[in-house]
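Have the viewer open as you read.

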Amino acid sequence: MRKYSLLSLILALSFGSLSGQSGKISKEERSFLVDYLKVTQEDLISTLHDLSETEWLAKPADGGWSPAECMEHIVQAEQAVFMQVKKALKAPAGTDDLSARDGWLLSKIADRGNKVKTPLPPTGREQSKTKLIEAFEVSRSAIYSFLENKKLPLRSHYGKSPYGKADAYQLMLVIAGHGMRHTNQILETIAIVN
């Protein structure tokens, strides 16, 4: 399983640059984002495939989420944030350069010690590992297709991350980092219940 360390994330993002006033992301930023999405997808799918049915449904004694609930939440949250990105791109462009916050934002998203109250708790309705993995892969496929448009002004349109205002590029980073966060939660849960 490949993992990004927080330091490697911060260093990689520090080399990105805003492409003039157009708001378009640089080639390096696009490459980092797509690679980070792919790595977090591979890590999550690999982790899930290794789970037994008992582990898939196991809940920690402290009332935390089962891997099934984590996966349901990941799918819901990715779809919600992706819709927020699309909505942000329909709003008038702005001029705030938030790119210096990329690494900080990713470190916050990935930090499991930093608790965040979610507006999208798992419902428990969908427990099938196969169906949830399929929904996740469909969601990521739509994101990759969206990112094929190299003219998207992701740096000049804004939404809200769990940590405040973020540009659309940062919201895309949140999608990937959020997947990594909950992959780690799944691994923590399995370690506790085994």
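## H2 against H7

Helix H2 (residues 27–49) and helix H7 (residues 168–193) bring their axes within 9 Å, crossing at roughly 25°. Axes here are lines fitted to C-alpha atoms, for helices over the stretch in contact, with angles from 0 to 180 degrees between N-to-C directions. Helices (H or I, at least four residues) and strands (E, at least two) are DSSP runs numbered from the N terminus. H2 and H7 are therefore roughly parallel to each other; angles under 35 degrees count as roughly parallel, over 145 as roughly antiparallel, 65 to 115 as roughly perpendicular and the rest as oblique. Their crossing is left-handed, i.e. the near helix is turned anticlockwise from the far one by less than a right angle.

The H2 side of the contact includes Phe32, Tyr36 and Leu44, while the H7 side includes Met172, Ala176 and Met180. Contact means heavy atoms within 4.5 Å. By type, the residues of the H2 and H7 contact split into 14 nonpolar, 4 polar and 2 charged (Ala, Val, Leu, Ile, Met, Phe, Trp, Tyr, Cys and Pro count as nonpolar, Asp, Glu, Lys and Arg as charged, and the others, Gly among them, as polar).

A word on the numbers: this is a predicted model, where local features need pLDDT of at least 70, side-chain atom pairs count only at pLDDT 80 or more, and totals for chains, interfaces and linings use all residues. Residues are numbered from 1 along each chain as its sequence is written, and side-chain values use heavy atoms, with hydrogens and water left out.

## H6 and its two partners

H4 and helix H6 (residues 129–147) pack at about 25°, with axes 10 Å apart, and are therefore roughly parallel to each other. H4 passes H6 in a left-handed crossing. Among the residues that meet are Met71, Val75 and Phe82 in H4 and Phe136, Ile143 and Phe146 in H6. The tally for the contact of H4 with H6 is 14 nonpolar, 2 polar and 4 charged.

H6 also meets H7: their axes come within 13 Å and cross at roughly 150°. That makes H6 roughly antiparallel to H7, and this crossing is left-handed as well. Arg140, Ile143, Phe146 and Leu147 of H6 make the contact with Met172, Ile175 and Ala176 of H7. These residues come out as 6 nonpolar, no polar and 1 charged.

## The largest pocket

The largest pocket has a volume of about 750 Å³. On a 1 Å grid over the protein atoms alone, a pocket is an open set of points where a 1.4 Å probe fits, with protein on both sides within 12 Å along at least five of seven lines; lining residues have an atom within 4 Å of a point. Points are joined across faces, edges and corners, and the volume is the space filled by probe spheres set on them.

Of its 32 lining residues, His73, Val116, Thr118, His178 and His182 are the closest to the centre. Helix H4 (67–90), strand E3 (158–161) and H7 each give two or more residues to the lining, and H7 has the largest share, at 10 residues. Overall, the lining divides into 15 nonpolar, 9 polar and 8 charged.
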